[in-house]
Amino acid sequence: MSKQARFGLNLSSVPKTDSAAELDPKLACQPLNPTFWRVTIHRGLLGASLKSLRIFARFFKTPDYRMTDISGLQFVSPYAFEAMQKVDVVRLAALSDPELRLLLPCLVRMALCAPADQSNAWAQDKKLILRLLSGVEAVNSIVALLSVDFHALEQDARKEQQLRQKAGGSNGESILVSQLQHGLTLEFEHSDPLRRLRLALSELLAIMNKVADSNGEFFLKSSELFESPVYLEEVADVLCILQAELPSLLPIVDVAEALLHVRNGDWFLCLLVANVPDSFNEVCRSLIKNGERQDEESVGGRRRTEALRQLCQMNPSQALNIRAMVVEECHLPGLGVALTLDYKPDCADEAVSPLVSYVSGLLLGTNGKVRTWFGMFIRNGQQRKRESSSVLWQMRRQLLLELVAILPRSRSTHVPNDTELHSEIESSSGYSGLREEHVVKASALLRLYCALMGIAGLRPTDEEAEQLLQLMTSRPPATPAGVRFVSLSFCKLLAFPTLVSTPEQEQLMVMWLSWMIKEEEYFESAAGVSASFGEMLLLVAMYFHSRPAQCHY
């Protein structure tokens with residue numbers, strides 16, 4: 001039986017009409033009403049050209065979404081992933097050829113296999129999908145992959161698994177693949193579809209068996225098949241088809257775990273999940289549960305974090321849910337911070353940033369297990385050399401940027417450049433008031449730095465200490481929030497006296513304390529709340545007077 005006849009459809013019968021006429025002028029004059037265009041496409045343009053369909057799709061495509069290009073490999077864009085999730089044919093038609101290429105395994109199976117949905121709407125969508133695929137040359141090779149006998153292939157694969165178990169994991173013999181005459185990539189190139197499936201399946205099973213026997217110890221498996229840039233797309237097609245046709249032999253969570261152990265594994269993983277979009281949460285939860293408690297401590301942890309980060313960039317709407325899984329499992333703290341750094345809210349909160357809220361919640365929350373886990377991440381991260389690739393140092397840099405951004409202009413005249421990790425921050429000795437809209441954010445930052453230094457053992461750099469001192473001695477407006485900020489700054493000074501280390505800084509602090517005493521009455525009258533700055537200073541002076549050995553000033 002021919003490969004097209006097996007599915008009851010002949011893909012070649014779909015006409016290739018890329019050179020057809022442009023849009024009907026009558027339709028082109030219609031207003032940009034999405035409902036009108038969708039109905040028109042589904043009901044009236046089934047015979048139109050692929051070119052026309054893509055022109056229509058431009059009205060729906062969000063221009064901000066572009067394909068991500070990392071290290072020469074093109075990842076699935078958020079726009080494309082959402083189109084696959086919703087099976088939105090109009091959006092799929094708007095994809096560029098390279099974007100569409102990454103999704104071919106799922107689209108070809110969708111077009112050729114018997115659907116569970118027998119509705120007329122899906123029948124129309126299916127015709128449009130066939131038209132999309134008609135002009136793509138790679139579709140033929142995927143159709144050929146789908147034409148093999150997967151039942152016989154699965155039986156041979158299970159026999160090979162049994163053989164490997166008896167041989168103690170040795171892969172000297174193989175039922176799936178006979179003796180190779182050439183290297184794996186050359187064999188893959190010259191093989192027919194069935195042998196390609198066998199080659200990839202044998203290699204994948206070997207990696208999965210090694211993962212199962214590794215007892216959690218990370219290894220990086222060298223494999224020609226997953227490393228050759230010439231055949232990456234073809235290998236990805238084979239991988240997606242194997243997992244879709246043999247789900248009991250190749251559970252997607254096990255395949256995802258195995259892909260972490262090969263080069264380009266995060267790219268293969270993103271393509272695999274993009275072609276099975278409903279598996280996104282399942283795969284992410286499994287990777288997190290099997291992850292390290294401290295991800296930046298090992299190569300395996302960093303690779304796992306990077307893979308999950310790529311998955312969340314492909315599906316940003318689920319990034320916060322994945323971050324919640326990280327906290328729930330107390331695994332991969334660097335991933336939680338990285339997802340927060342990547343998060344771009346639709347409506348930015350001017351008061352407190354997502355990073356300040358997230359880290360403060362971990363350290364100042366009621367869950368002692370979470371607090372200990374994240375504190376260990378901070379302590380361990382400080383022991384390593386300062387690196388721009390470290391998530392901890394990226395977090396510290398972002399916090400410093402936020403701190404400098406709210407300082408009065410006369411106090412910080414140089415904002416760190418995003419591309420310079422060790423940029424010098426210049427500060428003047430002039431006094432300027434803290435802007436009212438920045439007071440709440442400044443208090444949140446001071447609380448966070450108190451938690452980082454007191455609970456997590458953060459040792460501030462000279463840069464951080466200088467800017468913290470500048471913030472603490474800023475003069476807020478006479479509002480209830482300003483009173484709380486002054487009290488919080490004074491408490492931080494008592495808790496961390498090492499922030500004041502030079503005579504100039506001591507003089508700055510003395511002048512600020514004098515300002516506190518002088519402005520107490522004004523703050524109380526203007527803010528309508530009790531400031532009690534002088535009372536606080538008196539009580540602290542009495543305490544240190546009775547315990548001179550504990551006095552640091």
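Helices here are DSSP runs of H or I with at least four residues, strands are runs of E with at least two, and both are numbered from the N terminus. Helix α5 itself spans residues 78–86, and its buried residues are P78, Y79, A80, F81, A83 and M84. Buried means under 20% relative accessible area, exposed means over 50%, and partly exposed is what sits in between (1.4 Å probe, protein chains only).

The model is predicted, so to speak of local features takes a pLDDT of at least 70 and side-chain atom pairs count only at pLDDT 80 or more, while totals for chains, interfaces and linings use all residues. Residues are numbered from 1 along each chain as its sequence is written, and side-chain values use heavy atoms, with hydrogens and water left out.

Zooming out, the protein chain has 29 helices and two strands. Of its 553 residues, 51% are buried. Among contacts (heavy atoms within 4.5 Å) with a separation of 6 or more, 69% link residues 24 or more positions apart. The chain exposes about 26,500 Å², and carbon and sulfur atoms supply 51% of that area, as given by the Shrake-Rupley method with a 1.4 Å probe; for residues, only the protein chains shown count as cover.

Further along is V404, part of helix α24 (residues 391–406). V404 counts as buried because its relative accessibility is 3%. Its C-alpha lies 9.3 Å from that of Q470, although V404 and Q470 are 66 residues apart in sequence.
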